[in-house]
Amino acid sequence: MRTSTMGFVVHSASLALLIAFAFGVADAIRTLKDGPLIDAEGREYKSANFPTDAGDTRLPRLNVGPTVSVRCTDASMIIVVKADVYKNGLLVSAEELSLGESEHSQRSPCRAVAAGDSEYIIEAELQDCGSTLTVSDDSVIYSNELIIAAAAGSHGITRRTRAVVPVSCHYLRRQLASSTDQQQLAPSLLENLSAAAFSLKLMTGDWRRELLPRALYIGDLLHLEASYAGPDSGQRRLFIDSCVATLSPDATSDPRYYIIENHGCLADATEEESNARFLPRRSASSLQLQLNTFLFHNDSRNSIFITCQLKVTSEMQMSNSINKACNYVHPRWVNVDSSDVCQCCASVCSQSSLDYSTNLSGQIPEDSMASGTVTLGPLMVSPIK
C-alpha cells in the first residue's frame with residue numbers, strides 16, 4: 001500500500017512538471033524611454049505561471065500568482081522565483097536555481113540568493129550567464145534559461161525532474177532611435193547591442209541582394225558590403241578598420257594577406273592588376289568594397305576566409321587618420337568621405353597623426369564608438385575556369 005501511494009505522488013508531481021513545461025515562459029517586454037515600471041507606453045511583463053495539480057487534492061496549493069517573474073533594467077535581468085515554484089508544496093532551494101547552462105551556473109551572478117522566506121532572486125547583466133542576443137527589425141531581445149535542478153534528498157531520491165524556463169528581456173528598437181534614449185543606455189548595453197549588429201556580406205554585381213558563397217575563379221570581382229544594423233544605426237558612420245585573408249577561419253594563421261590595413265587604407269588597391277576600391281557611400285552605416293579574387297602562391301589550398309574589423313562612430317564625427325576609408329588612385333590616396341585624411345596611408349596612421357582641424361573627438365563621448373569582428377567564407381577559388 002505504501003508503494004502504491006508513493007507512486008501516485010511521484011506521478012502527480014511529474015504531471016504538474018510537464019504542464020509547467022508546456023505553459024511556463026517568462027518574458028519581459030519593455031521600452032527604454034520610460035522607467036522600469038509597467039505603463040501604457042507599451043511595456044508589459046509576463047511571467048511563468050505554473051499550474052497546480054488538480055488531480056491530487058492532498059497536495060497543498062500555497063501560491064495563487066505567478067511563480068517566476070522577470071524584470072528588466074537598462075543593463076540587467078532580474079528573475080524572482082517562488083520557493084514553491086511548482087505550486088505543489090515541494091519547495092526548491094537556492095542551490096537548485098541558476099541562470100544559464102552548467103558552464104555558467106557556478107558563477108555567483110548566475111546563482112539564486114534568498115530574498116525573504118518564500119522566494120529567491122537572480123540578478124545578472126543582460127549579456128552574462130550565456131545569454132543570447134537577437135536583433136530584429138523592431139526589437140532587441142536578450143534570451144536565457146532559468147534552470148531548476150532536482151536536488152537529491154537525504155536517501156538519494158528525488159520527486160522532481162530538471163526544469164527549464166525560458167526568460168527574456170525585450171527592448172523596442174523604436175525607442176532606441178533617438179539620441180536622447182542613447183544617452184540613457186548603459187555603455188555595456190549599447191556595446192553589446194552594437195557588436196552583434198555588424199555584418200559582412202557577398203553581394204550580387206548590382207548590389208541588390210546577398211549572394212551565397214559559391215565557386216569562384218581567380219581574378220573574379222567580389223562585391224562585399226559591410227554594414228551596421230544596430231538600434232542606433234541612424235546616428236552611426238561605419239568604417240572598415242582592417243581586413244585580412246587567410247586559408248582558415250583563424251585570422252592569425254599563416255599565410256595571411258592584409259586587404260585593408262592601417263585603419264582603413266585599402267592596401268590591395270596598390271597591387272598590380274588589382275581593381276580593388278571602396279564605392280561611394282549609399283548610407284553612413286555601410287561601406288561597399290570590390291576586389292579581385294586571388295590565391296596564395298605555392299599553396300594548393302583554395303578556401304579563402306576574409307576577416308574584417310568593423311567599427312562605427314557618431315555620424316557627426318568627421319573622418320580622421322584612424323577613422324577613414326581610403327582608395328588608392330595612383331599615385332595618391334583618396335578618402336571616400338571627401339576629407340583629406342589619407343596621407344598617412346603611405347606610412348603609419350595613428351591617433352597622434354590626427355588633424356585637429358578635422359577631428360571632433362573632443363566633442364564626441366568615448367562610448368560613441370562600437371566595434372565588431374566579422375568573417376566571410378569559405379570562398380572556394382579555382383585557378384582556372
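## A salt bridge between strands

At 24% relative accessibility, E119 counts as partly exposed, the class between buried (under 20% relative accessible area) and exposed (over 50%), with a 1.4 Å probe and protein chains only. K82, at 27%, is likewise partly exposed. The model is predicted: local features need pLDDT of at least 70 and side-chain atom pairs 80 or more, while totals for chains, interfaces and linings use all residues. Residues are numbered from 1 along each chain as its sequence is written, and side-chain values use heavy atoms, without hydrogens and water.

The side chains of E119 and K82 form a salt bridge with an N to O distance of 3.3 Å; the term requires a side-chain nitrogen of Lys or Arg within 4 Å of a carboxyl oxygen of Asp or Glu. E119 belongs to strand β7 (residues 119–125) and K82 to strand β4, so the contact ties together parts 37 residues apart in sequence. Strands are DSSP runs (E, at least two residues), numbered from the N terminus.

The whole structure holds 7 salt bridges. One of them joins R237 and D337, with the closest N and O atoms 3.7 Å apart. R237 lies in strand β14 (residues 236–246) and D337 in the loop between β20 (332–335) and β21 (370–382), 100 residues apart. Shared partners join R237, R281 and D337 into one network. R237 counts as buried, at 17% relative accessibility.

## Hairpin

Strands β3 and β4 form a hairpin with 3 residues between them. Strand β3 (residues 68–72) has V68, V70 and C72 on its covered face, and S69 and R71 on the uncovered one.

Technical notes. Helix = DSSP H or I, 4+ residues; strand = E, 2+ residues; numbered from the N terminus. Pairing = 2+ DSSP bridges.
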